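Let us read this model together, one feature at a time. Have the structure open as we go.

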Amino acid sequence: MTHLDDDLRAQLLRDAERGEPVAPRGGVDLEALMASRGPALVREGRRRRAATRVGALALAAMIPLGLWVYSRATSEDDAPTVASRPSAAPECAARAARAREGAVDGLRDEGFAAFEAEAGAAARVEVAGPCETRIDLSRGAIAVHARDLAGGALSVRTPVGEVTVRGTIFRVAVERGALAVEVAEGRVAVRAGGRERVVAAGERWRSGGEPTELAPEASAALDARVRSWTARAAAAVEAPTGAREGEATSGTSGREPGQPRAGASDTSEDTSEDTRAAREREVSAESPGHAGGGLARARARGGAGDAPEPTDPEQFALEAEAARRSGDLARARALYRQLGGGRGPTAEGAWIRLARLELEQGDPRAARQALARRARFGRGFFDAEARWLEVRAREAAGDLAGATREARGLVEAHPGTPQSTAAEAWLAQR
Amino acid sequence: MSLATALPATRSEEAAYVRRAIEGDPQALQWVARTQEARVRRLLVRILGPRQDLDDLVQNVFLELCRALPRFRHDSRLSTFVGGITVRVARRAMSPTAWFRRRGEMPEEPVALESAPDAQSLAAERVRRTRRALSKLSDKKRIAFLLWALEGVDVAEIAEMMDASVSATRSRIFYAQKELKRLAQTDPYLRELMEEP
């Protein structure tokens, strides 16, 4: 509480009056001074005041002007650069622009790359820059197929380390706090624990250890799994009903001239039991209510099955797979043949599936016939797989010389692929 | 009626003179000097004590007043406006420039008393000791207290003169007063001052 002592004040006032009288005026004639110099000083003061006002107004005007100029300059610098600013890698910039940010739930195909989060995985795509896509994987596993980054960067970041893509097929998993990387094709750079290492094709690396050899089956499964995504995308593109015409346009635009074409594949081995069951449920649920269906064509060609005919290649493939697994091989064969009569990688994949089915049934001749039907696609998308099936079919038929010749041709034509690795192992045993 | 002898009786008359002074009218400026000089001189003595350069400081106050007059907004008395300029000049005199420091301190000029009875000597000594006791405080606290206690200016006007809020000015006076009372415990002159009614 600021209490001011009035008694003290009164006493001091008296003391000041008594003991400190003001000195008399000095010799300066203040009135004369004011009359002579005063007007000039007043004018000077007025000028100063005017100048201060002008300065203040100018400053007040400059502040918003400066802010406007700054915001303009900043917005030009920060503007999206894909279209307006020439980029060092415009191709990758254009591709990365198609990446969508957000959680990865199941399969995601971004054109330049595709990735599939496995069940229980927590993954999210972030566009870190015009040429940089990042996948944050905090839990579970994700498989990645970097098709053509065109100079851009794709990386998977986990709590344990970071995996940078060099253009490849690989799988990243966070297993009980450790990071596991499996590479089927190409190579990836892994940075974890302050160290960076390169994991090459056919290698598996787990944090805290050295890279080990990846089992050929695992590699082939991963490769086939990734290719099946493309097949699924292509199937959507080539839907005969034309219902997905819009999707088809966008899907084909992502394919580069030198890039392998997508196709249907018989890669059911790599899919989990849950996924298979889900697909079967999907097929069985859709079948009864299919409008305008009927098995007339399917029966006419294959003579099997009671379910209505599927409407698009994707459904064909799923239904054929379901029929094969349920033991309805006649129906599966019929559907594969019907599918193989179409165009594109879906049809190519159908012949591969049929060849594999025939091999499993111990009929190498029928398998080779299916492979012969696939031959019209040339190298196509599944040439390596077709050649490997040819090796196995000839071996099953007793044509070891022909199988050896085919195996060597496979190694020469597709070095570094899982099929080539398997062929080399087969040759080494001979 | 000449300006030299005319004194404003009302605030409106004062305002008329001030308006003319702001226009640079020499006679109006003379009137300002005549009516305000005594107060300026007294304020300077109360704040700084008797000084040899008092005339110079008074002159500085009025020269500065001429430059500052265009800023006068007519919402306070001229005396308050002049008091604010006086306080600024006094504060500058409290913090002498390098040139003044080089010249050495300005010794206090002894007040010329016609007679020096004991009561007057005692009062002068108490005021001197009061100033010395307050010398350790900041300029703002010291000036606020001296204007309040030795010149009798009310808190609101001191606040306007020092360009501060009333509450801040009260606070400054309170803490100066507190410091003075603390020092009075060891100073017989000041203790006597506190004990007097």
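**Reading chain B**

Q: Where is the kink in helix α2 of chain B centred?
A: This is a predicted model. Helix α2 of chain B covers residues 26–48. The kink is centred on B:Q36 and is about 45°.

Q: Which residue follows α2(B), and is its phi positive or negative?
A: B:G49 follows α2(B). Its phi is positive, near 85°.

Q: How many helices and strands are in chain B?
A: Chain B has 10 helices and zero strands. From the N terminus on, the order is α-α-α-α-α-α-α-α-α-α.

Q: Which residues have the most contacts inside the largest nonpolar core?
A: Start with the general idea. In soluble globular proteins, nonpolar side chains tend to be buried together. Here, the largest nonpolar core has 59 residues, and B:L44 and B:A144 have the most contacts inside it. α2(B) gives the largest share of this core, 11 residues.

Q: Why does this core lie between domain 1 and domain 2 of chain B?
A: Both domain 1 (11–100) and domain 2 (115–192) of chain B give residues to this core, so it lies between them.

Q: What is B:A144 in contact with, leaving aside neighbours within four places in sequence?
A: B:A144 is in contact with B:I158, B:M162, B:T169, B:R172, B:I173 and B:A176. Another core lies apart from the largest one. That other core has 38 residues, among them A:A320, A:W351, A:L371 and A:F381.

Q: What share of the residues of chain B count as buried?
A: Of its 197 residues, 36% count as buried.

How values were computed. Residues numbered from 1 in each chain as written. Chains lettered and ligands numbered in written order. Predicted model: local features only at pLDDT ≥ 70, side-chain atom pairs only at ≥ 80, totals over all residues. Bend = angle between axes of the 7 residues up to and from the residue. Helix = DSSP H or I, 4+ residues; strand = E, 2+ residues; numbered from the N terminus. Core = buried A, V, L, I, M, F, W, Y, C linked by C-beta atoms within 7 Å. Buried ≥ 20, exposed ≤ 12 C-beta atoms within 10 Å, placed from the backbone. Domains from an automatic or database assignment. Contact = placed C-beta atoms within 7 Å.
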